[in-house]
Amino acid sequence: MSEGNIPVVNPIVFDVEKGKEYWWCACGLSKTQPFCDASHRGGGFTPQKYTALRDERVWFCVCKKTKHAPLCDGTHNKLGKKA
């Protein structure tokens with residue numbers, strides 16, 4: 001699989017709800033970042049399911065370089081780009 005686009009460098013903070021499923025965009029083409037809108041179709045990418053274990057605030061990766069997808073691991077700080 002090729003690397004996804006980088007629509008935004010900084011993560012997007014989102015309040016998730018316990019037990020709810022969220023589908024993270026892996027391709028970077030979705031207009032509803034950080035979530036999938038099916039823009040990946042035909043491109044070899046698959047969205048990643050994230051199920052919230054509790055009500056909490058999380059930081060979803062949008063640079064698509066995290067090693068802990070779909071959550072941000074700070075990799076965007078090493079990309080040399082500003083949001």
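1. A disulfide is here a pair of cysteine sulfur atoms within 2.5 Å. The model under review is predicted, and by that rule its disulfide count is 0. For Cys72, the closest cysteine sulfur belongs to Cys61 at 6.1 Å, which is too far for a bond. The sulfur of Cys25 has its closest cysteine counterpart in Cys27, at 3.8 Å, again too far for a bond. Cys25 is buried, at 2% relative accessible area, whereas Cys72 is partly exposed, at 26%.

2. Strand β3 (residues 48–51) pairs with β2 in the antiparallel sense, over 4 bridges. Within this pairing, Lys49 of β3 stands opposite Trp23.

3. The structure contains 3 salt bridges. One of them joins Lys49 to Glu21, with the closest N and O atoms 3.4 Å apart. Because Lys49 lies in β3 and Glu21 in β2, the pair ties together parts 28 residues apart in sequence. Both partners are partly exposed, Lys49 at 42% relative accessibility and Glu21 at 43%.

4. Asp15 forms a salt bridge with Arg57, the closest N and O atoms lying 2.9 Å apart. Asp15 is partly exposed at 44%, as is Arg57 at 48%.

5. Glu56 forms a salt bridge with Arg54, at 3.9 Å between the closest N and O atoms. Glu56 is partly exposed, at 28% relative accessibility, and Arg54 is partly exposed at 46%.

Note on methods. Residues are numbered from 1 along each chain as its sequence is written. This is a predicted model: local features need pLDDT of at least 70, side-chain atom pairs count only at pLDDT 80 or more; totals for chains, interfaces and linings use all residues. Side-chain values use heavy atoms; hydrogens and water are left out. Two strands pair if DSSP finds at least two bridges between them. Helices (H or I, at least four residues) and strands (E, at least two) are DSSP runs, numbered from the N terminus. Buried means under 20% relative accessible area, exposed over 50%, partly exposed in between (1.4 Å probe, protein chains only). A salt bridge is a side-chain nitrogen of Lys or Arg within 4 Å of a carboxyl oxygen of Asp or Glu.
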